[in-house]
Amino acid sequence: MSELAPYGIHWFRRDLRVAGNPALQWNWRQHQGRVLGVFAFDKTFLSRPDFSVNRFAFFLETLKGLRDELRAIGSDLLVLDVGPQQAYEQLFAALDQRQIPRPQAISFNRDYEPFARKRDGLMSEWLPKTYGVTVHTERDHVLIEPEELTRDDEPGALYQVYSPFAKRWFERLKTEHVQQRIRSQRAAITYLDQPLEQHASLFQFTWSKLFGGNCPPVDHLDEYLTRNAKSITVPIPPTGSRVALQRLREFRQRSLADYKEQRDFPDRDATSQLSMYFKNGSITPAMVLAELQLGPLDFKHKDGPTHFIKEIAWREFYYHVLYHRPEVEHSAFLERYRDLIWENREDWFEAWKQGLTGFPIVDAGMRQLRTTGWMHNRVRMIVASFLTKDLLIDWKWGERWFMEQLLDGDLACNNGGWQWAASTGCDPQPYFRIFNPWLQSAKFDPQGNYIRTYVPELRELDAKAIHEPYAHGYTGDYPEPLVDHSVQRGKALALYRTER
Ligand SMILES: Cc1cc2nc3c(=O)[nH]c(=O)nc-3n(C[C@H](O)[C@H](O)[C@H](O)COP(=O)(O)OP(=O)(O)OC[C@H]3O[C@@H](n4cnc5c(N)ncnc54)[C@H](O)[C@@H]3O)c2cc1C
């Protein structure tokens, strides 16, 4: 075997950034910058029934940006078109064959989805046993991990209600331990603000140096980008940590102070639109807190910044739920609602998907989703409630459609949001509190501007008529309401009552 200084591999998964990446930093310190990146496309992931071409495009673009950045700072990323086990088998076989030493360690950041936990558990045993490499993992995409925050009265158990969870979460936020996690991200922000050229020799190793011209394994990223580009149906927003940081700064300037009052109005640019960047790890809650430097926060505070952080705590809450109760991926959190008898009319489902239900606020939301890959949170709540409690269609159908369409589609948050709206989940909306789509529309889109943006058929209607056109003598092409809300409300109540 040739003489080679020890080096490490960082296995990227949903932590697609260099700045403040904890496991990558560990590896960098251990090997004085001699770290190489690997990404392995899991076939299981690509063939998931809720796979989204558009989200995959956003993901691939982020991955490409990461590869470019790593190359600019003295490292490299190798994207392999096989699952991780096969990827490492191929890689180690190629190294062994050429008598090149294996890496000393493989690092990755922890993930909490059931599939990922199983995969990571297997890999953490298999890699050291088979190849003698050390595996090192770190916390990254949540601020507080599921095992770090469990019930005071029942250690190890999940808080099933958001408020007590969030109160504890805010208490933990104040601890030195968690503050340190946030402070450590200040350096990440500084790094992002500096030109890349300043970091040109941050890393000291590349795949071609390792293989010394001996045909390193082929990178498949460009092939994926070309193949996937053909099927994209929405504009793909710019990607990466710098874009995410910029979005955060613009949001702070524009809307943070009024976030609590404005966030529910879909025609106002009042939320951060960071969700898709959280999903890929371009930004993390710790980075957000490091950048905003909000000072001491308390769950009881009612200001805009605290409210924004409370939303991030909702995200963490859903991750904790998924971790402690992985069965929610496939069934209702509340056992008594697992066998609800939904009507599941395919034609109604199709009308909902296409934004042709005759309920303008619902149709605007569904069209926003189809044309942009994103939907405002208030409208997500309205359309989810409408699907389950007006159309009496299984929430799992809606959950799947969202995952197929959303650029920010995320198992924990999407499942949590759907089960909340369908009243089947952890800390759900009570089943008898059913959104009235007409009232929601008038309350949260008072001028009808949101509807006008996505439902051009109604553009000419005034602020009153636009919410319920047929009640105001409308005679155009826009469809009549698919159902009578009050009749469907009664049916929904009966449906839930039979299962109690
Ligand atoms: C039916 C339904 C499905 C949803 N599916 C997803 C999904 O697949 N992926 C996803 O990231 N979010 C989902 N959400 C939550 C929420 O709608 C989005 O996170 C939010 O709209 C993203 O916009 P933003 O980044 O501007 O949010 P902001 O208002 O700026 O909030 C900041 C961050 O807090 C988190 N957050 C905000 N609201 C929620 C919430 N209700 N639950 C959990 N986290 C929240 C997000 O990470 C968000 O980026 C869903 C909500 C519902 C009701």
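A polar side-chain atom of Arg 380 sits 3.4 Å from an oxygen atom of the ligand, where a polar contact is a pair of N or O atoms within 3.5 Å. Welcome to a predicted model, in which local features need pLDDT of at least 70, side-chain atom pairs count only at pLDDT 80 or more, and totals for chains, interfaces and linings use all residues. Residues are numbered from 1 along each chain as its sequence is written, and side-chain values use heavy atoms, leaving out hydrogens and water.

- Asn 377 places a polar side-chain atom 2.7 Å from an oxygen atom of the ligand.
- For Glu 311, a side-chain N or O atom is 3.1 Å from a nitrogen atom of the ligand.
- The protein covers 96% of the 810 Å² of accessible area that the ligand has on its own (Shrake-Rupley method, 1.4 Å probe).

**The shell**
- Around the ligand are 28 residues (a heavy atom within 4 Å), and among them Tyr 259, Thr 271, Ser 272, Gln 273 and Asn 377 come nearest.
- The shell divides into 15 nonpolar, eight polar and five charged residues, with Tyr and Cys counted as nonpolar and Gly as polar.

**Placement**
- Domain 2 (142-195 + 240-324) and domain 3 (335-498) both give residues to the shell, so the ligand lies between them; the bounds come from an automatic or database domain assignment.

How values were computed. A polar contact is a pair of N or O atoms within 3.5 Å; within protein, one must be able to donate a hydrogen and the other to accept it, and residues adjacent in sequence count only if both atoms are side-chain atoms.
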